[in-house]
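Please work through each task before reading its solution.

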Amino acid sequence: METKFTKGKWTIAKSGVVMQGYSQPIAIAETGSANIIAGVFGDVSGGLETANANAKLIAAAPELLEIVTDLVRNMEKMGAKESSSDIFRRAKQAIAKATK
């Protein structure tokens, strides 16, 4: 699968950035690099606890996409079709949402 997003593992880092008056205390960065991929706002409903949970989900996204893609490929090799399983159809839709 050809990807256009930043490859590699993503990590969570402290940011301290303020954008238009809103705090972004958390950054998602390429592991081992200063390449910041995203900032996570701390002023969300639920505060910093929710912001940390959002950051964890975002940082896990590349690995989750890789795993789901591998699962779909394996299911296809075993003859699975979208019509045969709701979870298979949903997995393919999630991959498309992330890559198209």
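Helices (H or I, at least four residues) and strands (E, at least two) are DSSP runs, numbered from the N terminus. The model is predicted: local features need pLDDT of at least 70, side-chain atom pairs count only at pLDDT 80 or more, and totals for chains, interfaces and linings use all residues. Residues are numbered from 1 along each chain as its sequence is written, and side-chain values use heavy atoms, with hydrogens and water left out.

**Exercise 1.** Determine where Arg73 and Asp70 lie and how their side chains meet.

Step 1. Helix H1 (residues 47–77) holds both Arg73 and Asp70, 3 residues apart, about one turn of the helix.
Step 2. Their side chains meet in a salt bridge (a side-chain nitrogen of Lys or Arg within 4 Å of a carboxyl oxygen of Asp or Glu), at 3.6 Å, N to O.
Step 3. Arg73 has 37% relative accessibility and therefore counts as partly exposed (buried means under 20% relative accessible area, exposed over 50%, partly exposed in between; 1.4 Å probe, protein chains only).

**Exercise 2.** Identify the parts of the chain that the salt bridge between Lys92 and Glu76 links.

Step 1. The closest N and O atoms of Lys92 and Glu76 are 3.1 Å apart.
Step 2. The pair links distant parts of the chain, 16 residues apart: Lys92 is in helix H2 (residues 86–99), and Glu76 is in helix H1.
Step 3. Lys92 is partly exposed at 27% relative accessibility.

**Exercise 3.** Describe the salt bridge between Asp86 and Arg89 and its network.

Step 1. The closest N and O atoms of Asp86 and Arg89 are 2.2 Å apart.
Step 2. Because Asp86 and Arg89 are 3 residues apart in helix H2, about one helical turn separates them.
Step 3. A network of salt bridges links Asp86, Arg89 and Arg90.
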